[in-house]
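Here is a short briefing to read alongside the sequence and the model. Have both open as you go through the points.

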Amino acid sequence: MAVAKHEEGEVAEPSLWERLEQPAPVPRASLTLERIAAAAVEIADEEGGAAVTMRRLATKLGVTPMAAYRHVSGKDDLWALMIDRVSRDLALPDDAGDWRGVLRSYALQTRELMLAHPWTALMPTSIVLLTPARMAVAERGLSALDAHDLDADSVMAALRAVTSFVHGSAQTEIAMRDYQERNGWTSGDETREALAPQMRYLIGTGRYPVFEKYALTATRKDDRAWEFTFGLDCVLDGIGQRLGI
């Protein structure tokens, strides 16, 4: 495998992804990056992202922490492996001409992924993006827009607008779900009942008539999927109108 050189006589260590793709030694080592990623995802899904430490991971894998450190340099590498593993489940349509269908599928699937793995909402953006699986997803979205002869800046800005909407919406949904669970509220009705004293006072001031209208007449207060889809379609409509596609 080729290695990068920085200065004369200095050879760079292969990146995490180079090490992941290089052929495994024979006989195959018992501890691999794939095993580490799978174990870390299991811990995060069951116990939360904060529970994923090198010591906890080593215990689950039945190795010493130093053995794990020989494969990953620290938490950033570990998070990147975790994100890459769950992101492989994203399967975007292979239709570069249907930019709206591709971006809509990307958004809907990403929301489902984040709700299934709430710890993804805590990931630093730079790490979320710099993995092979995430780059492949981004490439599919960019290609769907690029097929319409747009400039590179507009293509990236449009994809980032969709990504920002998805992540912001999913993070809010996850935060609300956690808030309800911490307080023992099992439904939207229970949540509103618990918050009713504050809401009655605020509405009673007469300063928020439109919010009062929402509180009294809205019929989809707990339909997060509808709310997300409606907002997503507004974003996509805006992109289409702005870019003339």
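Where is the place of Arg 134? Arg 134 sits in helix 8, residues 132-146; helices here are DSSP runs of H or I with at least four residues, strands are runs of E with at least two, and both are numbered from the N terminus. This is a predicted model, in which local features need pLDDT of at least 70 and side-chain atom pairs count only at pLDDT 80 or more, while totals for chains, interfaces and linings use all residues. Residues are numbered from 1 along each chain as its sequence is written, and side-chain values use heavy atoms, with hydrogens and water left out.

**Overall picture**
- The protein has 12 helices and 0 strands.
- Of its 245 residues, 36% are buried (under 20% relative accessible area, with exposed meaning over 50% and partly exposed in between, for a 1.4 Å probe and protein chains only).
- Among contacts (heavy atoms within 4.5 Å) with a separation of 6 or more, 67% involve residues 24 or more positions apart.

**Arg 134**
- Arg 134 is buried yet has no salt bridge (a side-chain nitrogen of Lys or Arg within 4 Å of a carboxyl oxygen of Asp or Glu).
- The nearest side chain of opposite charge is Asp 84, 8.0 Å away; Lys and Arg count as positive and Asp and Glu as negative, while His and the chain ends are not counted.
- Leaving aside residues up to four places away in sequence, Arg 134 touches several residues, including Asp 84, Tyr 106 and His 167.

**Helix 3 and its cover**
- Helix 3 (residues 54-61) has Met 54, Leu 57, Ala 58 and Leu 61 as its buried residues.
- Seen down the helix axis, these buried residues fall within an arc of 100°, so they line one face of helix 3; the arc is that of the directions from the axis to the C-beta atoms.
- Arg 55 and Thr 59 are exposed on the other side of helix 3.
- The cover over the buried residues includes helix 2 (33-47), helix 4 (65-69) and helix 5 (75-87).
- Gly 62 follows helix 3 and has a positive phi, near 75°.

**Ile 36 in helix 2**
- Ile 36 is found in helix 2 and is buried, with a relative accessible area of 0%.
- Its touching partners, not counting residues up to four places away in sequence, include Leu 57, Leu 61 and Leu 78.
- Ile 36 and Leu 78 are 42 residues apart along the chain, and their C-alpha atoms are separated by 8.1 Å.

**Salt bridges**
- The whole structure holds 13 salt bridges.
- One of them joins Lys 60 and Glu 42 at 3.2 Å, N to O, linking distant parts of the chain: Lys 60 in helix 3 and Glu 42 in helix 2, 18 residues apart.
- Lys 60 is partly exposed at 35% relative accessible area, and Glu 42 is partly exposed at 38%.
- Arg 88 pairs with Asp 84 in a salt bridge, the closest N and O atoms being 3.6 Å apart.
- Arg 88 is partly exposed, with a relative accessible area of 41%, whereas Asp 84 counts as buried at 4%.
- Asp 223 and Arg 220 also meet in a salt bridge, at 3.2 Å from N to O.
- Through shared partners, salt bridges join Glu 34, Asp 84, Arg 85 and Arg 88 into one network.
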